[in-house]
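Here is a friendly briefing to read with the model open beside you.

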Amino acid sequence: MPSLGADMEAGTLVQWLVQVGQPVRRGDIIAVVETQKGAIEIESFETGTIAELRVEPGQQVPVGTVLAVIGEAAATPAVPAAPAAPVLPTMPDLSAPTARDSQPSHASGAVPVVATPADPPLPSPRAPQPVQPPSAPPAASASPMPTASPRPWSVDHNWIRSSPSARHRAQELGIDLATVKGSGPHGAITREDVERAGGLPHPAPSPLAPPTPPSAPSAPEKRANPGQAMRAAIAAAMSKSNREIPHYYLGHTIDLHHAQTVLARFNEQRPVETRVLPAALLLYAVSRCLPRFPDLNGAWVDQAFVPATAINIGVAVSLRGGGLVVPALQHADQLDLVGIMDALRDLVARARAGKLRASDLSEGTITVTNLGDQGVESVHGVIYPGQAALIGFGKVMERPWAVQGMLAIRPLIHATLAGDHRASDGHRGSLFLAAVDRTLQELQIP
């Protein structure tokens, strides 16, 4: 069970996307895990054959629990002799990225969609079972898990709001959650909804029970609020950061007149739906400066700073239902301005659709938060635990500005840097912000 946040202690396995005996490659999506931040697709960290599935869908297990056993590619799980040197993926702590996490992925910044096996047919609960001949010995099981199980919903569907208990019960009854109407908060599907859809009787109130007096209504049922759970997770991570990381803060005002002029000229040549937004322009400038400042780009591991071998910029994305996630733009320094814009669109769309992958949340080496047009001039962020810096950009404001001894109205943006004093200092941080400013003043888009 991977750790998908500095405060995460356990997760619920929602769905297996592989079967025992199925070959997998590094990067293949093999499972879906539910956390306080929603449903996350889990990728394989090894290449081989699924030898064993140890956790059943609907089961909540602590971080670090072995979910599956991956053996050698040529191994056959059904053979009693175990394959040589099986790999037990415990899914490392993804909240503290290390240098080994930063491996080249794809130039586009987006992880390719991996085809998954088609959904198995849902078994009929009334179908007769074949009778085992008396002379035949019982078949030995290669794994405590079945090789395939009915899925609560199709992988192609969007996330269906439901409780883990409801999904587990839907599997037992062979019911597709897409056909069930939810009665929980915001239409969430409960266990009772699934059983009702399956035609199971529910006990009626006892006729001998005295009626409830009108003057004493029953207390409203308390239900878990997903938004509150995410807020609690964010608060725990930020509390850890403030408690353990010695922050220093710097601020710098940048004139965007030149950069906006160049960007507007560039966008005139492109269709509206593919135009580059100012947020991508800022990420582009940051990515071009970071190679000269490795002390801001990396992880604090075992009482030492480890510079990252790649530049994976975590981008703070606000969710429509409330809350915040920080997926990473992989190898941002290798992308041009259009590539960064495409990768940013993909990350934001998948984050808001609940389709993020573990690698999206695990490989960030520095974080950028951009409040865009939200109406504040500056933001002083808190460093994500494990990283060494966070860059913030406020709203672009038109203000009086001195230009070559003359007063002009210019579009200004306030950039801030929160740095870890164990890895860098104010002098290095000020040089970095000045470098970002200079990059935007000299911007040229081919």
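Which side chain meets that of E244 in a salt bridge? The partner is K240, with N to O at 3.2 Å. This is a predicted model, in which local features need pLDDT of at least 70, side-chain atom pairs count only at pLDDT 80 or more, and totals for chains, interfaces and linings use all residues. Residues are numbered from 1 along each chain as its sequence is written, and side-chain values use heavy atoms, with hydrogens and water left out.

**Salt bridges**

- The structure holds eleven salt bridges, each defined as a side-chain nitrogen of Lys or Arg within 4 Å of a carboxyl oxygen of Asp or Glu.
- In general, side chains of opposite charge can pair when their charged atoms come close.
- E244 and K240 sit four residues apart in helix α3 (residues 226-244), about one turn of the helix; helices (H or I, at least four residues) and strands (E, at least two) are DSSP runs, numbered from the N terminus.
- An α-helix has 3.6 residues a turn, so residues three or four places apart point the same way.
- Both partners are partly exposed, E244 at a relative accessible area of 42% and K240 at 25%; buried means under 20% relative accessible area, exposed over 50%, and partly exposed in between (1.4 Å probe, protein chains only).
- R410 forms a salt bridge with D255, and their closest N and O atoms are 2.9 Å apart.
- That pair links distant parts of the chain, with R410 in strand β18 (residues 406-420) and D255 in strand β8 (residues 247-255), 155 residues apart.
- R410 is buried at a relative accessible area of 16%, and D255 is buried at 11%.
- D342 and R345 also meet in a salt bridge, at 3.8 Å from N to O.
- D342 and R345 are three residues apart in helix α6 (residues 337-352), so about one helical turn separates them.
- D342 is partly exposed at 42% relative accessible area, as is R345 at 30%.

**Aromatic rings**

- One aromatic pair turns up in a search of the whole structure; rings of Phe, Tyr and Trp (its six-membered ring) pair if their centres lie within 6.5 Å, and planes under 30 degrees apart count as stacked, over 60 as edge-to-face and the rest as tilted.
- The pair is F293 with F432, edge-to-face, at 5.5 Å centre to centre and 80° between the planes.
- F293 lies in the loop between α5 (278-289) and β9 (298-301) and F432 in helix α8 (residues 426-441), so the pair ties together parts that are 139 residues apart in sequence.
- F293 is buried at 6% relative accessible area, and F432 is buried at 0%.
- R422 lies over the face of W300, 4.2 Å from the ring centre; a charge sits over a ring if NZ of Lys or CZ of Arg is within 6 Å of the ring centre and within 35 degrees of the ring normal.

**A three-stranded sheet**

- Strands in the order β2-β5-β7 make an open sheet with antiparallel pairing; two strands pair if DSSP finds at least two bridges between them.
- Its edge strands, β2 (23-24) and β7 (68-71), each pair on one side only.
- Strand β5 (residues 48-53) is joined to β7 by four bridges, and I50 has I70 in β7 as its bridge partner.

**Helix α5**

- Nine of the twelve residues of α5 are buried, among them L281, Y284 and C289.

**Loop residues**

- Q387 is in the loop between β15 (366-370) and β16 (389-393) and is buried at 4% relative accessible area.
- Most residues other than glycine have a negative phi.
- H331, which is not a glycine, has a positive phi of about 50°; H331 is in the loop between β14 (328-329) and α6 and is buried at 5% relative accessible area.
- Q404 also has a positive phi, near 50°; Q404 is in the loop between β17 (397-403) and β18 and is exposed at 80% relative accessibility.
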